[in-house]
Amino acid sequence: MGGRGSCLARRFKPRTSPYSFKGLGRQGLEIMLEARRITGLPLVTEIMDVRDLELFDDNIDILQVGSRNMQNYSLLEELGKLQKPILLKRGLSATIEEWLLAAEYVLDGGNPNVILCERGIRTFESYLRNTVDIGAVALLKELSHLPVLVDPSHATGKWKMVTPVARAAIAAGADGLMVEVHPDPDQALSDGKQSLTPDNFLKMYEQVIRISRLVKNF
């Protein structure tokens with residue numbers, strides 16, 4: 001078990017550095033499946049390799065294509081053969097047109113279940129991890145019928161910025177948010193600096209719900 005080319009040896013979290021925590025692979029998937037069994041919540045996880053399609057299609061509710069794989073066309077074509085929701089994150093330097101055309105690879109394959117996720121793009125600004133393109137949210141709602149999410153956690157890299165950006169995203173028309181939460185961010189194996197505590201998450205949730213209700217009245 002766990003040979004170099006086997007599914008059990010592969011990890012499901014891409015990292016810039018090969019020495020950073022890259023997830024738990026199959027063990028992590030089993031933990032998520034147990035969490036779904038206990039809570040009833042659907043699962044979303046990132047798929048990086050077409051070799052994992054069968055495993056993920058059988059076990060995961062939503063397949064995420066991360067920014068690094070937004071233009072992995074062979075993977076997108078295979079995902080187009082499924083009927084499972086695909087969460088497509090914007091590439092680090094992708095234009096809106098390139099992002100929409102990446103979505104078209106999945107749609108053209110016969111899978112209409114694509115969700116777009118703005119997670120910030122790389123610019124000259126270095127204070128935050130990425131630059132959040134809030135204007136893209138409003139534009140996508142004009143150009144496409146697809147639902148749009150915003151990930152303020154990865155976009156900013158700082159937990160204090162997550163709630164303000166989340167508020168702006170909902171005000172701009174985002175259909176939902178993707179937010180990282182950890183009970184003890186200082187002990188997180190990955191991305192602790194951008195994770196909200198459960199209490200802070202609830203505060204953010206209450207604020208964006210109020211904004212969402214106001215937006216619907218316009």
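Strand 1 pairs with strand 2 in the parallel sense, over three bridges. Two strands count as paired if DSSP finds at least two bridges between them. This is a predicted model: local features need pLDDT of at least 70, side-chain atom pairs count only at pLDDT 80 or more, and totals for chains, interfaces and linings use all residues. Residues are numbered from 1 along each chain as its sequence is written, and side-chain values use heavy atoms, with hydrogens and water left out.

**Overall build**

- The protein chain has eight helices and six strands. Helices (H or I, at least four residues) and strands (E, at least two) are DSSP runs, numbered from the N terminus.
- Along the sequence, the pattern reads α-β-α-β-α-β-α-β-α-β-α-α-β-α.
- Of the 218 residues in the protein chain, 42% are buried. Buried means under 20% relative accessible area, exposed means over 50%, and partly exposed lies in between (1.4 Å probe, protein chains only).
- The accessible surface of the protein chain is about 12,200 Å², and carbon and sulfur atoms account for 54% of this area. Accessible areas come from the Shrake-Rupley method with a 1.4 Å probe; for residues, only the protein chains shown count as cover.
- Take the contacts in the protein chain between residues at least 6 apart in sequence: 61% of them join residues at least 24 apart. Contact means heavy atoms within 4.5 Å.

- Six strands form an open sheet in the order 1-2-3-4-5-6, with parallel pairing.
- Strand 1 (44–46) and strand 6 are the edges; each has a single partner strand, so one side of each lacks a neighbour in the sheet.
- V44 has I62 in strand 2 as its bridge partner.
- Strand 2 (residues 62–65) and strand 3 run parallel and are joined by three bridges. Here L63 has I86 of strand 3 as its bridge partner.
- The chain passes from strand 2 through helix 3 (residues 73–79) to strand 3, in a right-handed β-α-β crossover. Right-handed means that, with the strands pointing away from the viewer, the path from the first strand over the helix to the second runs clockwise.
- Four bridges link strand 3 to strand 4 (residues 114–118), again in parallel. L88 has L116 of strand 4 as its bridge partner.
- Strand 3, helix 4 and strand 4 also form a right-handed β-α-β unit.
- In a regular strand, side chains alternate between the two faces of the sheet. Strand 3 (residues 86–89) is covered on both faces: I86 and L88 are buried on one side, L87 and K89 on the other.

**Helix residues in the interior**

- I96 is in helix 4 (residues 96–108). I96 is buried because its relative accessibility is 15%.
- Beyond its neighbours within four places in sequence, I96 contacts R90, D133, A136, L139, L140 and L143.
- I96 and L140 are 44 residues apart along the chain, with C-alpha atoms separated by 8.1 Å.
- T163 belongs to helix 7 (residues 159–171). T163 has a relative accessible area of 14%, so T163 is buried.
- Not counting residues up to four places away in sequence, T163 touches L196, M204 and Q207.

**Aromatic rings**

- One aromatic pair turns up in a search of the whole structure. The ring centres of Y73 and Y105 are 4.4 Å apart and the planes are at 25°, so the pair is stacked.
- Rings of Phe, Tyr and Trp (its six-membered ring) pair if their centres lie within 6.5 Å; planes under 30 degrees apart count as stacked, over 60 as edge-to-face and the rest as tilted.
- Y73 lies in helix 3 and Y105 in helix 4, so the pair ties together parts 32 residues apart in sequence.
- Y73 is partly exposed, at 34% relative accessibility. Y105 is partly exposed too, at 32%.
- The charged end of K158 sits over the ring of Y127, 4.6 Å from its centre. This label requires NZ of Lys or CZ of Arg within 6 Å of the ring centre and within 35 degrees of the ring normal.

**A loop residue**

- D191 lies in the loop between strand 6 (176–177) and helix 8 (198–216).
- D191 is not a glycine, yet its phi is positive, near 60°.
- D191 has a relative accessible area of 14%, so D191 counts as buried.
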